[in-house]
Amino acid sequence: MEHTSVLERFLRYVKIDTQSEESDQVPSTGKQWNLARLLAEELNQIGASNVRLDPEHAYVYAEIPASGNLPETKARLEAGAKAPVLGFIAHMDTSNAVSGADVNPRIVKDYDGGEIVLNAVNGVVLSPSEYPDLLKYRGRDLVVTDGNTLLGADDKAGIAEIMAMAEYLLSNPSVPHGEIRIGFTPDEEVGRGVDYFDVPGFGADYAYTVDGGEVGEIEYENFNAASARLHIHGTSIHPGSAKGKMINAILLASEFQNLLPVYENPSSTEGYEGFYHPDSIAGNVDEVQVDYIIRDHDMEKFEQKKDFFRKTCDFLNEKYGKGTFTAEISDSYYNMKEKILPHMHLIDNAKKAMEEAGVKPIILPIRGGTDGARLSYMGLPCPNLCTGGQNCHGRYEYVCVQSMETVVDILLNLVQRYTAAK
Ligand SMILES: [Zn+2]
């Protein structure tokens, strides 16, 4: 069978619009089925086993059996040194920040380090003065947009890389590897990517999401996250006769915010620093609702932040009367670190797989969440690996062709590292 390069796959997948949107349904948009069906078909074509397309929610699952035909591997298997079942997961949807319809990718060959005019008519230019990472790709080939849409490297680069890895293993049965599982999910960008993920059916001991950025990135620490809905009940009265009577909920909202630590907001924090973030506000004199998010990598500090939020309500209720402030706080997701630490081989092997591919590993805390974080708490430890994509969620998104090829090598190295695992 003809082999399809990771680039060809990538170009094919980005042309299929799979934008997700806020919804109670999974998939949130019917068009995600188009890619799900194609991937199921391609997985069958390359000879993957037990290919399943979830008829309700559009998840795609497949398996690659262990290549137990090698005498060496077989002997190992018989000796009970079974390689763990490894899963690889990527998401099919794209962000709704910018359109993902009619994506028209262009390849810039042998990039010279200068400005790339994405769209002359609209004056959209991808420039190293704004995006200095571009300079790392001098002499490489880049896939860019036409300036009207996002590219969709997040996460179709991940899908193309997993598919290329799968095709390679299935057409080279002499390469030793354990059992492999593949999962493609809908609706990651709207936070519902693992709502219906069938962890037991997937059957992996460990997995990696392939949904990161620059080549070398390995992520296994993310925020602990909560949402906090603040209700403020004021007392409305005609402003002309309000003296001593009006309690203006708008002013109280401001007072509440001013009691929170002034630097602990997204615009002045980085790395492992957590924050309180007022994300939206609605209301009038009588009533105001503010939706906050609370984030911290450290569980103790996370609990302290939620506690401080509640205590601030209590303090102001002392001042303005019981029930003036109410807070509904609910946890959204947790730092996967706790679930990865007992399995640090996941990180060590990923590092080694990168070094074998000539890549320097970059380990950074994620200032957000990942599907892998939720999967880790659903019983499937699941760090995140790079895809090679840059500037995701916008029209300046690009991916380096050689980076995608390197990620395929990294995945293959990783798989082989686990063959020898006990
Ligand atoms: Zn993504």
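How much space lies in the largest pocket? Here are a few notes on that and other features of this predicted model.

1. **Pocket volume.** To start with the opening question, the largest pocket holds about 1,000 Å³ of space.

2. **Pocket lining.** A total of 37 residues line the largest pocket. If you want to find its centre on screen, look for Glu188, Glu189, Gly191, Gly369 and Thr370, which lie nearest to that point. Sorted by class, the lining of the largest pocket consists of 18 polar, 12 charged and seven nonpolar residues.

3. **Where the lining comes from.** Several helices and strands each give at least two residues to the lining of the largest pocket. The helices are α4 (153–171) and α10 (371–377). The strands are β3 (86–91), β10 (217–219), β14 (325–333) and β17 (389–390).

4. **Helix α11.** This helix covers residues 401–419, 19 residues in all. From its first C-alpha to its last, α11 reaches 28 Å, close to the 27 Å expected at 1.5 Å a residue. Helix α11 is also mostly covered, with 14 of its 19 residues buried.

5. **Cysteines.** You will find zero disulfides in the structure. Cysteine 382 is in no disulfide, and the nearest cysteine sulfur, that of cysteine 386, is 14 Å away. A pair counts as a disulfide only when the sulfur atoms are within 2.5 Å. Cysteine 382 is buried, with a relative accessible area of 0%. Cysteine 313 counts as buried too, because its relative accessibility is 3% and the cut-off for buried is under 20%.

Technical notes. Residues numbered from 1 in each chain as written. Predicted model: local features only at pLDDT ≥ 70, side-chain atom pairs only at ≥ 80, totals over all residues. Heavy atoms only, no water. Helix = DSSP H or I, 4+ residues; strand = E, 2+ residues; numbered from the N terminus. Expected span 1.5 Å × (residues − 1). Buried < 20%, exposed > 50% of the residue type's maximum accessible area, 1.4 Å probe, protein only. 1 Å grid on protein atoms, 1.4 Å probe; cavity = no way out; pocket = protein on both sides within 12 Å on 5 of 7 lines; lining within 4 Å. Points joined across faces, edges and corners; volume = space filled by probe spheres on them. Nonpolar A, V, L, I, M, F, W, Y, C, P; charged D, E, K, R; others polar.
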